[in-house]
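Open the structure in your viewer and keep the selection tool at hand. This tour goes stop by stop.

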Amino acid sequence: MIRRNRAIARIGIISYMDLIFAGIIGFFAAMLANYLADTLPRGERPGRPHCLDCERELTWQNYLTLAACPHCHKRRSWRTFLTLGLGIALSLWLWSAPPPKLGYWPGLLLLTYFAVVVIIDFEHRYIMMTTVLAGAMLGLILGIFLHGWVNTLLGGLTGLGVMGAFYLLGLWFARYRARKRGIDDGEEALGLGDVYLSTVLGLLLGWPHILYGLFFGVLAGGLVSLLLILGLALMKRYQAMTVFTAYGPYLIFGAFLILYTPQVLTILSGR
Ligand SMILES: [Zn+2]
């Protein structure tokens, strides 16, 4: 009895230390995501940190200590702190319940990648080629590890094919509308970046799970768009341009559900 109590106490100490460790790792992963999202859009590669407001260069010490800009005194964006909080929380969650097959470290690496793509898409409304290429490499390696190379390549092709078809349909619809109205507002619901991103997610999820991932992604995107349109209509501020939404974050949300909470699939298949 005493021996067992001692064992429990030891486990308690270890998991307590583990949680601190996982929190610190999550903090650094979020710092990395913030850094890449801050610097990549400036020149397609990681560079020296700049103030996002006055665009003047920041010292590394200034940047890493999350201090206000010494030139314009603007504080760091709320996104910086939100990402840090989410990074710590998600790392703790992954540590205590590592996703089956994926595990803690690959899971955290992939989450960091997802965060960079989501932040850049929300803030700049596009998906960068650099992140697509990095994602394709990551997707190939993790995909082959998770479900073999045949299902990985088949998943990638499915992502490309399904979203490519949606993209062409969108182009056709925009052209049809432009001809009817006589104006071309240049509005594009789905960008080519979304097609590339779906290919990356296809490699990661593999065949046939990419179909579920895209389904959840499109569903979430459609739902948020609908709420946005309703909200704007209530405020009588509806304009076609204002409902333009970034689709990347929703596609990533769909992939996240399948990779990190595979219980969703068992519920779907009714097992
Ligand atoms: Zn500044």
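Start in a loop. Select lysine 101. It is partly exposed, with 13 other C-beta atoms within 10 Å. Lysine 101 sits in the loop between α3 and α4. Look at its backbone: phi is positive, about 75°, although lysine 101 is not a glycine. Most residues other than glycine have a negative phi.

**The whole chain**

Now zoom out. This is a predicted model. The mean pLDDT of the protein is 87, and 87% of its residues reach 70 or more. Colour by secondary structure. How many helices and strands are there? The protein has nine helices and zero strands. From the N terminus on, the order of elements reads α-α-α-α-α-α-α-α-α. Of the 271 residues in the protein, 31% are buried. Take the contacts between residues at least 6 apart in sequence: 70% of them join residues at least 24 apart.

**A stretch to treat with care**

Select residues 7-11. Here pLDDT stays under 50. The model has zero contacts beyond four places in sequence for residues 7-11.

**Two helices, either side of the first stop**

Select α3, residues 78-96, and then α4, residues 104-124. Their axes lie 11 Å apart, and the helices pack at an angle of about 155°. Angles over 145 degrees count as roughly antiparallel, so α3 and α4 are roughly antiparallel to each other. The crossing of α3 past α4 is right-handed.

Show the side chains where they meet. On α3, pick Arg79, Thr83, Leu90, Ser91, Leu94 and Trp95. On α4, their partners are Tyr104, Gly107, Leu108, Leu111, Ala115 and Ile119. What kinds of residue make up this contact of α3 with α4? Eight are nonpolar, three are polar and one is charged.

**Back along the chain**

Next, select leucine 66. Find it in the loop between α2 (60-64) and α3. Leucine 66 also has a positive phi, of about 60°, although it is not a glycine. Is leucine 66 buried, exposed or partly exposed? Leucine 66 is partly exposed: 13 other C-beta atoms lie within 10 Å.

**Last stop**

Jump to proline 208. Its place is in the loop between α6 (192-205) and α7 (209-234). Which kind of peptide bond joins tryptophan 207 and proline 208? The bond is cis, with omega about 0°. Most peptide bonds are trans.

Key. Residues numbered from 1 in each chain as written. Predicted model: local features only at pLDDT ≥ 70, side-chain atom pairs only at ≥ 80, totals over all residues. pLDDT = per-residue confidence, 0-100. Contact = placed C-beta atoms within 7 Å. Axes fitted to C-alpha atoms, helices over the stretch in contact; angles between N-to-C directions. Helix = DSSP H or I, 4+ residues; strand = E, 2+ residues; numbered from the N terminus. Parallel < 35°, antiparallel > 145°, perpendicular 65-115°, else oblique. Left-handed = near helix turned anticlockwise from the far one by under 90°. Nonpolar A, V, L, I, M, F, W, Y, C, P; charged D, E, K, R; others polar. Buried ≥ 20, exposed ≤ 12 C-beta atoms within 10 Å, placed from the backbone.
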